[in-house]
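Here is a short walk through one protein model. Keep the sequence and the 3D view open as you read.

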Amino acid sequence: MDADGNLISGYLDKVRYYKNGKPVSGNIYDNGTYGFEDGYPLIGLNRVDGYLRYYNSQGRMYRDTVVGNSSVGYYYTDPDGICIESEEMRLAAEFIEKYCKGETMKEKMKYAFLYMAENYPYERVYDDTPSSAADIPPFAIELFSLHKGTCYRYAAAYACVAKIAGYRTRFAYGMSGVLQHGWTEVYVDGSWLICDVDAQLPGYGYEDYAPYMMSTHMWVLDKYWYSELTLKNGKAVWTPIQYF
(Lines give C-alpha, C1' and ligand atoms only; values in the text may rest on other atoms or scores of the structure.)
Protein backbone atom coordinates (compact mmCIF):
# COMPACT_ATOMS: atom_id res chain seq x y z
CA MET A 1 0.00 0.00 0.00
CA ASP A 2 1.13 3.56 -0.59
CA ALA A 3 1.49 6.26 2.06
CA ASP A 4 -2.24 7.03 1.82
CA GLY A 5 -3.27 3.41 2.31
CA ASN A 6 -4.18 2.73 -1.31
CA LEU A 7 -3.49 -0.80 -2.59
CA ILE A 8 -0.86 -0.68 -5.30
CA SER A 9 0.36 -4.28 -5.28
CA GLY A 10 -0.45 -7.56 -3.59
CA TYR A 11 -0.28 -11.32 -3.52
CA LEU A 12 -3.35 -13.51 -3.13
CA ASP A 13 -2.61 -16.66 -1.16
CA LYS A 14 -4.55 -19.94 -1.59
CA VAL A 15 -6.52 -18.63 -4.56
CA ARG A 16 -7.98 -21.18 -6.97
CA TYR A 17 -7.44 -20.41 -10.65
CA TYR A 18 -9.86 -21.30 -13.45
CA LYS A 19 -9.59 -21.46 -17.22
CA ASN A 20 -12.71 -21.66 -19.38
CA GLY A 21 -14.77 -22.34 -16.28
CA LYS A 22 -12.64 -25.25 -15.01
CA PRO A 23 -9.87 -25.41 -12.40
CA VAL A 24 -6.50 -25.19 -14.13
CA SER A 25 -4.17 -28.20 -14.16
CA GLY A 26 -0.78 -28.54 -15.84
CA ASN A 27 1.46 -25.80 -17.19
CA ILE A 28 0.16 -22.43 -18.32
CA TYR A 29 2.36 -20.14 -20.41
CA ASP A 30 2.02 -16.42 -19.69
CA ASN A 31 5.24 -14.38 -19.61
CA GLY A 32 6.78 -17.44 -18.01
CA THR A 33 5.53 -20.92 -17.20
CA TYR A 34 3.25 -21.55 -14.25
CA GLY A 35 2.16 -24.93 -12.94
CA PHE A 36 -1.22 -25.80 -11.47
CA GLU A 37 -2.99 -28.80 -9.99
CA ASP A 38 -6.78 -28.61 -9.68
CA GLY A 39 -6.59 -24.84 -9.78
CA TYR A 40 -3.87 -24.33 -7.19
CA PRO A 41 -0.29 -23.24 -8.02
CA LEU A 42 2.33 -25.95 -7.79
CA ILE A 43 5.21 -25.28 -5.42
CA GLY A 44 8.57 -27.05 -5.30
CA LEU A 45 9.25 -30.36 -7.01
CA ASN A 46 6.35 -31.79 -9.03
CA ARG A 47 5.90 -34.19 -11.92
CA VAL A 48 3.93 -32.50 -14.71
CA ASP A 49 3.32 -33.93 -18.17
CA GLY A 50 5.53 -36.88 -17.24
CA TYR A 51 8.58 -34.77 -16.34
CA LEU A 52 9.94 -33.61 -13.02
CA ARG A 53 9.83 -29.81 -12.69
CA TYR A 54 10.51 -27.26 -9.96
CA TYR A 55 8.27 -24.26 -9.16
CA ASN A 56 8.76 -21.20 -6.96
CA SER A 57 6.40 -20.07 -4.21
CA GLN A 58 4.03 -18.51 -6.75
CA GLY A 59 3.96 -21.46 -9.13
CA ARG A 60 6.48 -20.22 -11.68
CA MET A 61 8.71 -22.92 -13.19
CA TYR A 62 12.50 -22.66 -13.01
CA ARG A 63 14.54 -23.09 -16.19
CA ASP A 64 18.24 -23.62 -16.93
CA THR A 65 19.44 -23.49 -13.34
CA VAL A 66 20.17 -25.63 -10.29
CA VAL A 67 17.22 -26.13 -7.97
CA GLY A 68 16.34 -28.12 -4.88
CA ASN A 69 17.49 -28.52 -1.31
CA SER A 70 18.88 -31.15 1.03
CA SER A 71 15.41 -32.61 1.62
CA VAL A 72 14.30 -33.25 -1.98
CA GLY A 73 17.74 -33.33 -3.56
CA TYR A 74 19.34 -31.07 -6.16
CA TYR A 75 18.62 -31.02 -9.89
CA TYR A 76 19.61 -29.15 -13.00
CA THR A 77 16.55 -27.90 -14.86
CA ASP A 78 17.15 -27.65 -18.61
CA PRO A 79 15.99 -24.68 -20.77
CA ASP A 80 12.57 -26.35 -21.07
CA GLY A 81 12.24 -26.55 -17.29
CA ILE A 82 12.73 -30.34 -17.10
CA CYS A 83 14.77 -31.65 -14.19
CA ILE A 84 17.53 -34.00 -15.33
CA GLU A 85 17.07 -37.09 -13.20
CA SER A 86 20.15 -39.13 -14.18
CA GLU A 87 22.26 -39.73 -11.10
CA GLU A 88 25.49 -38.23 -12.46
CA MET A 89 23.69 -34.98 -13.33
CA ARG A 90 21.84 -34.88 -10.03
CA LEU A 91 25.14 -35.21 -8.16
CA ALA A 92 26.76 -32.58 -10.39
CA ALA A 93 23.95 -30.16 -9.51
CA GLU A 94 24.47 -30.88 -5.82
CA PHE A 95 28.23 -30.36 -6.17
CA ILE A 96 27.74 -26.98 -7.85
CA GLU A 97 25.19 -25.83 -5.29
CA LYS A 98 27.25 -26.86 -2.27
CA TYR A 99 30.81 -26.05 -3.26
CA CYS A 100 31.07 -23.72 -6.25
CA LYS A 101 31.27 -19.93 -5.98
CA GLY A 102 30.39 -17.41 -8.68
CA GLU A 103 27.61 -15.21 -9.98
CA THR A 104 27.03 -17.22 -13.15
CA MET A 105 27.12 -20.92 -14.01
CA LYS A 106 30.25 -20.38 -16.11
CA GLU A 107 32.00 -18.75 -13.14
CA LYS A 108 30.94 -21.66 -10.95
CA MET A 109 32.21 -24.10 -13.58
CA LYS A 110 35.64 -22.49 -13.49
CA TYR A 111 35.66 -22.54 -9.69
CA ALA A 112 34.69 -26.23 -9.81
CA PHE A 113 37.79 -27.02 -11.87
CA LEU A 114 40.20 -25.89 -9.17
CA TYR A 115 38.00 -27.17 -6.34
CA MET A 116 38.01 -30.72 -7.73
CA ALA A 117 41.77 -30.69 -8.23
CA GLU A 118 42.55 -29.36 -4.77
CA ASN A 119 39.97 -31.24 -2.72
CA TYR A 120 39.38 -34.55 -4.52
CA PRO A 121 42.68 -36.48 -4.41
CA TYR A 122 43.83 -38.88 -7.09
CA GLU A 123 43.38 -42.55 -6.21
CA ARG A 124 44.55 -45.14 -8.71
CA VAL A 125 42.17 -47.89 -9.79
CA TYR A 126 43.51 -50.75 -11.88
CA ASP A 127 41.81 -52.48 -14.82
CA ASP A 128 39.11 -49.83 -15.24
CA THR A 129 39.85 -48.62 -18.77
CA PRO A 130 36.55 -47.44 -20.34
CA SER A 131 35.45 -49.33 -23.43
CA SER A 132 31.96 -47.93 -24.05
CA ALA A 133 29.81 -44.90 -23.27
CA ALA A 134 28.05 -46.94 -20.58
CA ASP A 135 31.25 -46.86 -18.52
CA ILE A 136 31.22 -43.07 -18.19
CA PRO A 137 28.28 -42.32 -15.82
CA PRO A 138 29.63 -44.62 -13.05
CA PHE A 139 32.94 -42.74 -13.21
CA ALA A 140 31.19 -39.43 -12.56
CA ILE A 141 29.04 -40.89 -9.80
CA GLU A 142 32.12 -42.28 -8.04
CA LEU A 143 33.96 -38.96 -8.13
CA PHE A 144 31.01 -37.01 -6.73
CA SER A 145 30.20 -39.67 -4.11
CA LEU A 146 33.69 -40.65 -2.91
CA HIS A 147 35.44 -37.29 -3.44
CA LYS A 148 38.44 -39.00 -5.02
CA GLY A 149 39.28 -40.87 -8.20
CA THR A 150 41.27 -41.23 -11.39
CA CYS A 151 41.56 -39.15 -14.56
CA TYR A 152 38.50 -40.95 -15.97
CA ARG A 153 36.43 -39.95 -12.98
CA TYR A 154 37.53 -36.31 -13.09
CA ALA A 155 36.81 -36.22 -16.83
CA ALA A 156 33.31 -37.69 -16.53
CA ALA A 157 32.31 -35.57 -13.53
CA TYR A 158 33.63 -32.34 -14.99
CA ALA A 159 31.79 -32.99 -18.26
CA CYS A 160 28.56 -32.96 -16.21
CA VAL A 161 29.51 -29.66 -14.57
CA ALA A 162 30.32 -28.10 -17.96
CA LYS A 163 26.97 -29.26 -19.35
CA ILE A 164 25.14 -27.49 -16.55
CA ALA A 165 27.16 -24.36 -17.36
CA GLY A 166 25.71 -24.45 -20.88
CA TYR A 167 28.53 -25.91 -22.98
CA ARG A 168 28.60 -28.76 -25.43
CA THR A 169 30.87 -31.17 -23.65
CA ARG A 170 32.38 -34.62 -24.09
CA PHE A 171 34.48 -37.25 -22.37
CA ALA A 172 37.68 -37.94 -24.31
CA TYR A 173 39.99 -40.93 -24.07
CA GLY A 174 43.46 -41.53 -25.46
CA MET A 175 47.11 -41.93 -24.53
CA SER A 176 49.66 -39.72 -22.82
CA GLY A 177 52.94 -41.31 -23.75
CA VAL A 178 52.49 -44.94 -22.74
CA LEU A 179 49.76 -44.12 -20.20
CA GLN A 180 46.03 -44.28 -20.87
CA HIS A 181 44.27 -41.04 -20.06
CA GLY A 182 40.83 -39.41 -19.89
CA TRP A 183 39.92 -35.72 -19.99
CA THR A 184 37.02 -33.34 -20.62
CA GLU A 185 36.53 -31.23 -23.75
CA VAL A 186 34.15 -28.28 -24.17
CA TYR A 187 33.04 -26.55 -27.35
CA VAL A 188 33.84 -22.82 -27.37
CA ASP A 189 33.58 -20.49 -30.38
CA GLY A 190 33.84 -23.27 -32.94
CA SER A 191 36.63 -25.25 -31.27
CA TRP A 192 36.90 -28.11 -28.81
CA LEU A 193 39.04 -27.04 -25.84
CA ILE A 194 40.61 -29.27 -23.19
CA CYS A 195 39.69 -29.05 -19.50
CA ASP A 196 41.86 -31.58 -17.66
CA VAL A 197 41.28 -31.58 -13.90
CA ASP A 198 43.83 -34.38 -13.53
CA ALA A 199 46.56 -32.10 -14.93
CA GLN A 200 45.67 -29.43 -12.33
CA LEU A 201 46.39 -31.69 -9.33
CA PRO A 202 48.68 -29.90 -6.83
CA GLY A 203 51.46 -32.46 -7.23
CA TYR A 204 52.16 -31.31 -10.80
CA GLY A 205 52.90 -27.76 -9.70
CA TYR A 206 51.11 -25.96 -12.54
CA GLU A 207 49.70 -22.48 -11.94
CA ASP A 208 45.99 -22.32 -11.15
CA TYR A 209 43.85 -22.91 -14.25
CA ALA A 210 46.84 -23.59 -16.50
CA PRO A 211 45.16 -26.83 -17.74
CA TYR A 212 41.75 -25.08 -18.12
CA MET A 213 40.33 -24.40 -21.60
CA MET A 214 43.52 -25.45 -23.43
CA SER A 215 43.71 -25.56 -27.21
CA THR A 216 46.61 -28.02 -26.88
CA HIS A 217 47.67 -30.02 -23.87
CA MET A 218 50.97 -29.49 -22.05
CA TRP A 219 51.22 -33.27 -22.15
CA VAL A 220 51.46 -35.17 -25.42
CA LEU A 221 47.99 -36.63 -25.99
CA ASP A 222 47.14 -39.06 -28.73
CA LYS A 223 43.37 -38.74 -29.12
CA TYR A 224 41.48 -41.97 -29.63
CA TRP A 225 37.73 -41.69 -28.98
CA TYR A 226 35.09 -39.52 -27.32
CA SER A 227 31.49 -39.57 -26.11
CA GLU A 228 29.44 -36.37 -26.07
CA LEU A 229 26.99 -35.65 -23.25
CA THR A 230 23.51 -34.50 -24.27
CA LEU A 231 20.30 -34.05 -22.31
CA LYS A 232 16.99 -35.43 -23.54
CA ASN A 233 13.61 -35.97 -21.89
CA GLY A 234 14.99 -35.56 -18.38
CA LYS A 235 17.94 -37.92 -18.87
CA ALA A 236 21.67 -37.62 -19.50
CA VAL A 237 22.60 -39.31 -22.77
CA TRP A 238 26.21 -40.26 -23.54
CA THR A 239 26.50 -40.77 -27.27
CA PRO A 240 28.05 -44.04 -28.49
CA ILE A 241 31.82 -43.93 -28.87
CA GLN A 242 33.02 -41.91 -31.85
CA TYR A 243 36.64 -42.03 -33.00
CA PHE A 244 38.76 -38.96 -33.65
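Is Thr-150 buried or exposed? Thr-150 counts as buried, because its relative accessibility is 2%. Buried means under 20% relative accessible area, exposed over 50%, and partly exposed in between, with a 1.4 Å probe and protein chains only.

The model is predicted: local features need pLDDT of at least 70, side-chain atom pairs count only at pLDDT 80 or more, and totals for chains, interfaces and linings use all residues. Residues are numbered from 1 along each chain as its sequence is written, and side-chain values use heavy atoms, without hydrogens and water.

Thr-150 sits in the loop between helix 3 (136-146) and helix 4. Helices are DSSP runs of H or I with at least four residues, strands are E runs of at least two, and both are numbered from the N terminus. Leaving out residues up to four places away in sequence, Thr-150 touches Tyr-122, Glu-123, Arg-124, Val-125 and Asp-128. Touching means heavy atoms within 4.5 Å.

Now turn to helix 4 (151-164) itself. Helix 4 gives the most to the lining of the largest cavity, with four residues. Strand 11 (179-188) also supplies at least two. Cys-151, Tyr-154 and Trp-183 are among the lining residues. A cavity is a set of points on a 1 Å grid over the protein atoms alone where a 1.4 Å probe fits but cannot get out; lining residues have an atom within 4 Å of a point.

Note on methods
1 Å grid on protein atoms, 1.4 Å probe; cavity = no way out; pocket = protein on both sides within 12 Å on 5 of 7 lines; lining within 4 Å.
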